[in-house]
Amino acid sequence: MNENHLRLNEQAASFAPPVPAVQTYGLSRAYGSMTALSNLDLTVNRADLFGFIGSNGAGKTTTLRILATFLTPSSGRAEVLGHDVVRDADRVRHLIGYMPDFFGVYKDMEVTEYLDFFGACYKIPAAVREKTVADVLELVGLTEKRGALIGALSRGMQQRLGLARVLIHDPQLLLLDEPASGLDPRARIEMMAILQELQRMGKTIIISSHILSELQTLCNRCAIIEKGRLIYSGPVQGVRADSQAGRVFRVRVSTDMARALELLRARPEIVEAHEEDGRLRVTVREDLADAGVVAETLVRGGARLVELREEELGLEEVFLRVTKGETQ
Ligand code: ATP
């Protein structure tokens, strides 16, 4: 890992309380009469790998474009590392690296030439640009392709080159809009590994994606938005509790299943119970009940309990439960 160009963030190495990298206050944006973003209050801490989740049209790109200073809010405001994205737009641009969902690459340029060009745009002195370009290429695993024409790179390599481009000025915050879209599984995994490495280096990363299972393992915190409104923001693990999706248990009994279901359904803490694949699937209210309630209900009612285990709800399932699939 080359850390000469991409500095380690000292904050990340310590156990200091979280410091916000991004804060939005009542952030709203309308396109004509259509409200794309409504009163968004969001906090992303430094060194977070933050998943930004929402259906098509939920307002993710609009939010990222405002943070990247390409779009002004209709009302409310946003700060990046303490700088207002409208008033201090120039300063913010040097602190962020924004990778849009669709970006053009200059297919007839060589990889090194392309990065050198963007380095020059950021006014990186010619004397250090060669080293800077080599550093970012190493980070994204494209050193061997430095002399290749961009048009000859695979889609995955072009995405990684896009990432190298937004790293050229050593930004502290990365805003990545669906960086792994259209990539095959291997290329996605490679991209995710690079993002984890960047987080270890102390970068703050906001990543929007539709592949929720991937975000679940990758991100430490996330936000879910729907129709421009925030539904959840916090630790990835906290989504389930906050969504009141409930805890789900798989139960096997050696006695009459219909009777067991009757016992369970009589308890107010149990949201729902049904038979599935020879077992009972029982959803309990997160705040009121746990495995003990399920076991006690069955045993007291005379049922014989053979197996009781909790089912992990994936981010995908929770997302489907808390959103109504509504777009604008
Ligand atoms: P996707 O996952 O499809 O990229 P998104 O969550 O990024 O969606 P946005 O692109 O922010 O959503 O769009 C939010 C809403 O604003 C959508 O209804 C979209 O049609 C609308 N919208 C976005 N850009 C414009 C524009 N320039 N003019 C008019 N409406 C727009």
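Begin by selecting helix α7 in this predicted model, where Ala-187, Arg-188, Met-191, Met-192, Ile-194, Leu-195, Glu-197, Leu-198 and Gln-199 are buried (buried means under 20% relative accessible area, exposed over 50%, and partly exposed in between, with a 1.4 Å probe and protein chains only). Helices (H or I, at least four residues) and strands (E, at least two) are DSSP runs, numbered from the N terminus. The helix covers residues 185-200, and its 16 residues reach 23 Å from the first C-alpha to the last, close to the 22 Å expected at 1.5 Å a residue, where the expected span is 1.5 Å times one less than the number of residues.

Because the model is predicted, local features need pLDDT of at least 70 and side-chain atom pairs count only at pLDDT 80 or more, while totals for chains, interfaces and linings use all residues. Residues are numbered from 1 along each chain as its sequence is written, and side-chain values use heavy atoms, with hydrogens and water left out.

Now move to the ends of α7. Just after the helix, select Gly-202, which takes a positive phi of about 100°.

Next, display the open sheet of six strands, whose order is β6-β7-β8-β3-β9-β10 and whose pairing is mixed; two strands pair if DSSP finds at least two bridges between them. Its edge strands are β6 (96-99) and β10 (229-235), each of which pairs on one side only. From one strand to the next the twist averages 15°, with axes taken as lines fitted to C-alpha atoms, for helices over the stretch in contact, and angles running from 0 to 180 degrees between N-to-C directions. Selecting β9 (residues 221-226) together with β10 shows an antiparallel pair with six bridges, and the bridge partner of Cys-222 in β10 is Gly-234.

Helix α7 lies across β3, β6, β7 and β8, running at about 150° to β8, contact being heavy atoms within 4.5 Å. Helix α2 (residues 60-67) lies across β3 (49-53), β6, β7 (173-177), β8 (204-208) and β9, and runs at about 150° to β7.

Then select Arg-221, which forms a salt bridge with Asp-48, the closest N and O atoms being 3.0 Å apart (a salt bridge is a side-chain nitrogen of Lys or Arg within 4 Å of a carboxyl oxygen of Asp or Glu). Arg-221 lies in strand β9 and Asp-48 in the loop between β2 (34-45) and β3, so the pair ties together parts that are 173 residues apart in sequence. Arg-221 is buried at a relative accessible area of 18%, and Asp-48 is buried at 4%.

The structure holds 20 salt bridges, and another one to select joins Glu-307 to Arg-252, with the closest N and O atoms 3.2 Å apart. This pair links distant parts of the chain, Glu-307 being in strand β14 (residues 305-311) and Arg-252 in strand β11 (residues 247-253), 55 residues apart.

Finish at helix α11 (residues 291-300), where Glu-296 and Arg-300, being four residues apart, are separated by about one helical turn. Their salt bridge has its closest N and O atoms 3.8 Å apart; Glu-296 is partly exposed, with a relative accessible area of 37%, whereas Arg-300 counts as exposed at 72%.
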